[in-house]
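Hi everyone, thanks for coming. Please have a look at what's on the screen, and then I'll walk you through a few spots.

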Amino acid sequence: MKLEDLQVYRLSMQVGEEIWRIVHRWGHFEKDTVGKQLVRAADSIAANLSEGHGRFHFQENKHFCYISRASLQETLTWLEKAHQRNLIPSEDYAALLNDICTLKVKLNRYIQSIGKNSR
């Protein structure tokens, strides 16, 4: 299966792009503090899924998926900070939270599925 065929990967890419779009509009200070951290955490979700998918052994893939899941959790923290600091409109915040909750479920299911066909 190609990486681009995975729903979890496509959704993680969408979340990263949406966060980039929002942060891009912020002022210098906001981008330099919260913005960089938020974008890096969100982009790391898809990047680690990609790296794991490219690994030879399913256990390595799982390892990078765990890192991806940690980046998802970090993204939630930075998103909450941005919302508390009035950097993200409530509508965007609610939509991103919904996408991230969906992504969390899909990522956990993907992790559970890795290696099941290897035996």
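Let's start with a word I'll need: contact means heavy atoms within 4.5 Å. Leaving aside neighbours within four places in sequence, Ile19 is in contact with Leu38, Val39, Ala42, Thr75 and Leu96.

Quick word on where this comes from. This is a predicted model, where local features need pLDDT of at least 70 and side-chain atom pairs count only at pLDDT 80 or more, while totals for chains, interfaces and linings use all residues. Residues are numbered from 1 along each chain as its sequence is written, and side-chain values use heavy atoms, with hydrogens and water left out.

Back to Ile19. In the largest nonpolar core, which has 34 residues, Ile19, Trp26, Leu38 and Ile88 touch the most other members. A nonpolar core here is a set of buried (under 20% relative accessible area, 1.4 Å probe, protein chains only) Ala, Val, Leu, Ile, Met, Phe, Trp, Tyr and Cys residues joined through side-chain atoms within 4.5 Å. Helices H1 (7-23), H2 (28-53), H3 and H4 each give two or more residues to this core, and H2 gives the most, with eight.

Now, how do H3 and H4 pack? H3 (residues 58-84) and H4 (residues 90-113) pack at about 165 degrees, axes 11 Å apart. So they're roughly antiparallel, the label for angles over 145 degrees.

Last stop: Asn86, in the loop between H3 and H4. Its phi is near 60 degrees, a positive value in a residue other than glycine. Most residues other than glycine have a negative phi. Asn86 counts as exposed because its relative accessibility is 68%, and the cut-off for exposed is over 50%.

Conventions:
Axes fitted to C-alpha atoms, helices over the stretch in contact; angles between N-to-C directions. Helix = DSSP H or I, 4+ residues; strand = E, 2+ residues; numbered from the N terminus. Parallel < 35°, antiparallel > 145°, perpendicular 65-115°, else oblique.
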